[in-house]
Amino acid sequence: MLAVLALSAGLAAGSFAADYRNAPDWRALVGYERVALSPRAEAAADSLVAAGTEVLGWVQPLAQTWQGSAVRAWPWDAATWDMADWYGAVLPYAVEGDDISGARLLDFRVDGFPVALAQAHAALLDGWAGVVLDYGCPDMAWEVSLPELGPGFWQAWADGYRLYRAALSHYTGGRPIICQCDRWAGLEFHCDGLVWEKVGWTLNPPEKVWHGLQTGVPGASVVLYPGPDGAGKRLAAGMAIARDAGFLWRDTLDPWTPRRDVEHFGLTVGTFYRDAWQRSLGVWQRIGTHGQVIVNLTNEPHRYGSRVVGPMDALVIQFRNQETGRWQKWETNRPS
């Protein structure tokens, strides 16, 4: 089967953006192929769908609070709290962080609750292209703001959480569920892809992400790079292109403003006819109809004709005109 990067003047193929706010400026997100939004942002989602964007709901295994009280102002929160209250499935533990405060952990150990919650959530995701599942690993034992709950608790919680994901996929008609996690272990049958968060940081070094992209389903995962322009961004974007993954670029100092990278918004590689292959140990190449990408995962520079791909860097080349298909002077993602 051909892996296709659509040649569209309106959407940048492979581009991905996210905005967790309840009322984001949807106009800043036009042009991205896929966008993840809070399920409260229904008005923005409708506008982006009308512009041709695939919109996914950003979902968490939490019940939101504000100043200690349950949030019920949006249909999503009302449905979550109603179902959790009915089953007695709200735990007395709150998750705290930079972008979230006081959200209560849902108790997926309660019989019947995972499937009932999935059914309620799916009813509110009609028309959305899929789900990005925040806290998408099998459990949340790593979350430092939660107390030590022990392996027995998390084993039972993880079993229910897997059931929720499976039921959510069923009730949404098999639409993709992309889980934010740093590993595939335990997720293969419940997640269609991963958000590889903070690529280049300690949690997800590039070599680990590349291995994960190779072992996962092509076209399903998302590479999230939170840093400045340069070799790290080029490497992350190149890995995403070489495996048909989405590429999400944002600055941790301004997480609400999506950034448009030249690899996706300025260059076109076209249609790929085969997977990436290893040119030499640690150096991968993939050629498309309009361009190619070379990913150098070594600590040595790699020469390609007159060009040099630096250590832990990637070179993206466009050699055909997007509109006419004619050969053109190479355009690359290297600074001029």
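**Entry 1: a glycine.** I started at Gly 57, which is found in strand S4, residues 54-59. I take strands (E, at least two residues) and helices (H or I, at least four) as DSSP runs, numbered from the N terminus. The model is predicted: local features need pLDDT of at least 70, side-chain atom pairs count only at pLDDT 80 or more, and totals for chains, interfaces and linings use all residues. Residues are numbered from 1 along each chain as its sequence is written, and side-chain values use heavy atoms, with hydrogens and water left out.

Is Gly 57 buried or exposed? Gly 57 counts as buried because its relative accessibility is 0%. My cut-offs are under 20% relative accessible area for buried, over 50% for exposed and partly exposed in between (1.4 Å probe, protein chains only).

I then listed contacts, meaning heavy atoms within 4.5 Å. Beyond its neighbours within four places in sequence, Gly 57 touches Leu 37, Leu 125, Trp 128, Gly 130, Val 131 and Val 132. I also checked Arg 40, 17 residues away along the chain: its C-alpha atom is 8.8 Å from that of Gly 57.

**Entry 2: cores.** Next I looked up nonpolar cores (sets of buried Ala, Val, Leu, Ile, Met, Phe, Trp, Tyr and Cys joined through side-chain atoms within 4.5 Å). The largest has 81 residues, and those touching the most other members include Leu 37, Leu 105 and Met 140. Another core, of 11 residues, lies apart from it and has Trp 58 and Val 132 among its members.

I followed Leu 105. Setting aside neighbours within four places in sequence, its contacts include Pro 61, Met 140, Phe 153 and Trp 157.

**Entry 3: a sheet.** I traced an open, antiparallel sheet of five strands, ordered S16-S17-S18-S21-S22. Pairing takes at least two DSSP bridges between two strands. S16 (277-280) and S22 (327-332) are the edges; each has a single partner strand, so one side of each lacks a neighbour in the sheet. Twist averages 25 degrees from one strand to the next.

I counted five bridges between S17 (residues 283-287) and S18 (residues 291-296). Arg 286 has Val 293 as its bridge partner in S18. Helix H6 (residues 231-242) packs on the sheet, touching S17, S18 and S21 (313-320), at about 120 degrees to S18 in direction. Axes are lines fitted to C-alpha atoms, for helices over the stretch in contact; angles run from 0 to 180 degrees between N-to-C directions.

**Entry 4: an aspartate.** Last, I checked Asp 313 in strand S21. Asp 313 is buried, at 4% relative accessible area. Its contacts, leaving out neighbours within four places in sequence, include Ala 231, Arg 234, Val 295 and Arg 334.
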